[in-house]
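Please look over the sequence and the structure shown here before reading on. The report that follows takes up a few places in the chain one after another.

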Amino acid sequence: MRLEAVELRRIRLQLVSPFETSFGVQTERDILLVKAITGEGEGWGECVATEEPTYSPEYVDGAQHVLIDHLLPRLFDRGELTAAGVFGLLRPVHGHQMAKAAIECALLDAELRSRNESFAHHLGAVREAVDCGVSVGIHPSVPELLEAVAGYVEAGYRRIKLKIKPGWDVEPVRAVRERFPTIPLQVDANTAYSLAEAKHLGELDAFGLLLIEQPFPEDQMLAHAKLARQIRTPVCLDESIHSLQAAADAIELGACSIINIKPGRVGGYLEARRIHDLCAEHSIPVWMGGMLETGIGRAGNVAMAAMANFTLPGDTSASDRYYHQDIVTEPFVLHDGRLKVPSGPGLGVTVDENRLREVTTAVEMVRQRASPSGPGRRPADHEVTHRGRAGGGSEAPDT
């Protein structure tokens, strides 16, 4: 297919409740949506970068910049292209996996819609519904945490994940385990600890956890391998797994026995599928992580979570876990602790245009412009049209 234009749309959505991790507290999301306009049709992608470079080096303003000035020109240059070729075409640009994943997803959505094929079928899904876990942020007090967890258990979630950090770990986990002795339970440290605290983290062994996720900074692969030999709780890596090679290294080093896959973090669903397959070959179970996605990103995640080696419930919560109203007409609804895998063409969801206009803060349309220059065009070889204005909840014109 030929990429004709790309719409970069910023939206702002309020979270149902504040979400606190070791990185800080989030009350809303400033989201970059990517719509690919091709000769075969249109497709959507969602960039999971946050407003500040705290979870990863990427942030939403930077993602939009690198798309306009560095990634899209390389795709416009190609003329005919496929979604499967995007990863290789963008390889010369180091990093920026979340920006790359967003445009790859949009092109894959357009491509699959054009041939009436679903994400689930293309990725090799083997289930029609997936077990759902929920990620529970840090709370002001243990009683408030217990109240929140009780609500999720009552709603039917099949696994609880607790965010932890130094000073908020053993006691809240103990309280939740005592209140809910049989619920599958795991914890996520988001890089908040050091190897010097290994003995303290070993105290979590008493609670029969499924895993401890990313206790140390992402570049400390050897530290994770040492921790894995010191505690009984399985070590799971998240931020450290930013590529297929990183996953291979982690497995060989014994740095983890479980891997959290986030398509945005590794550069797209097709690289995520390669990591899934590698883990399956080494009997390393995987599960689907979450980045507070809208229904666009959630649709792809749920489809991928239906693959064979996703054997643990993921952070694929229902839409109303995070947003009062989603931006798709088919919000994800929990049924007996599971979400149905979309079966329609592409992502299998329809963007709610009215809702989208309500939450849009800015739109930029990037188009190819005829130019005599050859490969390696500079940013001046495409046109950017600004619509709306960022930051004030203004409504951008429909496109």
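Predicted model: local features only at pLDDT ≥ 70, side-chain atom pairs only at ≥ 80, totals over all residues.

Two packed helices are described by the angle between their axes and the distance between the axes. For helix H8, which spans residues 221–228, and helix H9, which spans residues 244–253, the axes come within 10 Å and cross at roughly 35°. The crossing in which H8 passes H9 is right-handed. On the H8 side the contact is made by Met 221, Leu 222 and Ala 225, and on the H9 side by Ala 246, Ala 250 and Leu 253. Sorted by class, this contact of H8 with H9 has six nonpolar residues, with no polar and no charged ones.

Within H8, the buried residues include Met 221, Ala 223, His 224, Ala 225 and Leu 227. The cover over the buried residues of H8 includes H9, together with helix H7 (198–202) and strand E9 (235–237).

## A covered helix

How many of the residues of helix H12 are buried? H12 runs over residues 295–305, and eleven of its eleven residues are buried. Among them are Ile 296, Val 302 and Met 304, but also Arg 298 and Asn 301.

Ile 160 belongs to strand E6, which covers residues 159–163. Its relative accessible area is 0%, and because buried means under 20%, Ile 160 counts as buried. Gly 88, by contrast, is 72 residues from Ile 160 along the chain, and the C-alpha atoms of the two are separated by 37 Å.

Trp 168 sits in the loop between E6 and helix H6 (170–179). Trp 168 is also buried, because its relative accessible area of 12% falls under the 20% limit. Apart from neighbours within four places in sequence, Trp 168 is in contact with Ile 138, His 139, Ser 141, Val 142, Leu 145, Lys 163 and Tyr 193. Trp 168 and Ser 22 are 146 residues apart along the chain, yet their C-alpha atoms are separated by 9.6 Å.

## Two positive phi angles

Most residues other than glycine have a negative phi, and most peptide bonds are trans. His 96 has a positive phi, near 55°, and is found in the loop between helix H2 (83–89) and helix H3. With a relative accessible area of 30%, His 96 is partly exposed.

Leu 292 likewise has a positive phi, near 60°, and lies in the loop between strand E11 (286–288) and H12. Is Leu 292 buried or exposed? Leu 292 is buried, with a relative accessible area of 9%.

Rolling a probe the size of a water molecule over the atoms shows where empty space is left. The largest pocket has a volume of about 600 Å³. It is lined by 28 residues, and those closest to its centre are Thr 21, Phe 23, Gln 26, Thr 50 and Leu 292. Strand E1 (3–21), strand E2 (24–38) and E6 each supply at least two residues of this lining, and the largest share, seven residues, comes from E2. By class, the lining of the largest pocket divides into eight nonpolar, nine polar and eleven charged residues.

The second largest pocket holds about 430 Å³ of space. Its lining is made of 23 residues, and Val 16, Ser 17, Tyr 152, Asp 320 and Arg 321 lie nearest its centre. Here the largest share, five residues, comes from E1, while E1 and helix H5 (142–155) each supply at least two residues. The lining of the second largest pocket divides into 15 nonpolar, five polar and three charged residues.

## An enclosed cavity

The count of cavities of 30 Å³ or more comes to one, and the largest cavity has a volume of about 140 Å³. Of the 16 residues that line the largest cavity, Glu 46, Val 48, Pro 263, Gly 264 and Tyr 269 lie nearest its centre. Strand E3 (41–47), helix H3 (97–114), helix H10 (263–266) and H12 each supply at least two residues of the lining. This lining has eight nonpolar, five polar and three charged residues.

How values were computed
Residues numbered from 1 in each chain as written. Heavy atoms only, no water. Buried < 20%, exposed > 50% of the residue type's maximum accessible area, 1.4 Å probe, protein only. Helix = DSSP H or I, 4+ residues; strand = E, 2+ residues; numbered from the N terminus. Axes fitted to C-alpha atoms, helices over the stretch in contact; angles between N-to-C directions. Left-handed = near helix turned anticlockwise from the far one by under 90°. Contact = heavy atoms within 4.5 Å. Nonpolar A, V, L, I, M, F, W, Y, C, P; charged D, E, K, R; others polar. 1 Å grid on protein atoms, 1.4 Å probe; cavity = no way out; pocket = protein on both sides within 12 Å on 5 of 7 lines; lining within 4 Å. Points joined across faces, edges and corners; volume = space filled by probe spheres on them.
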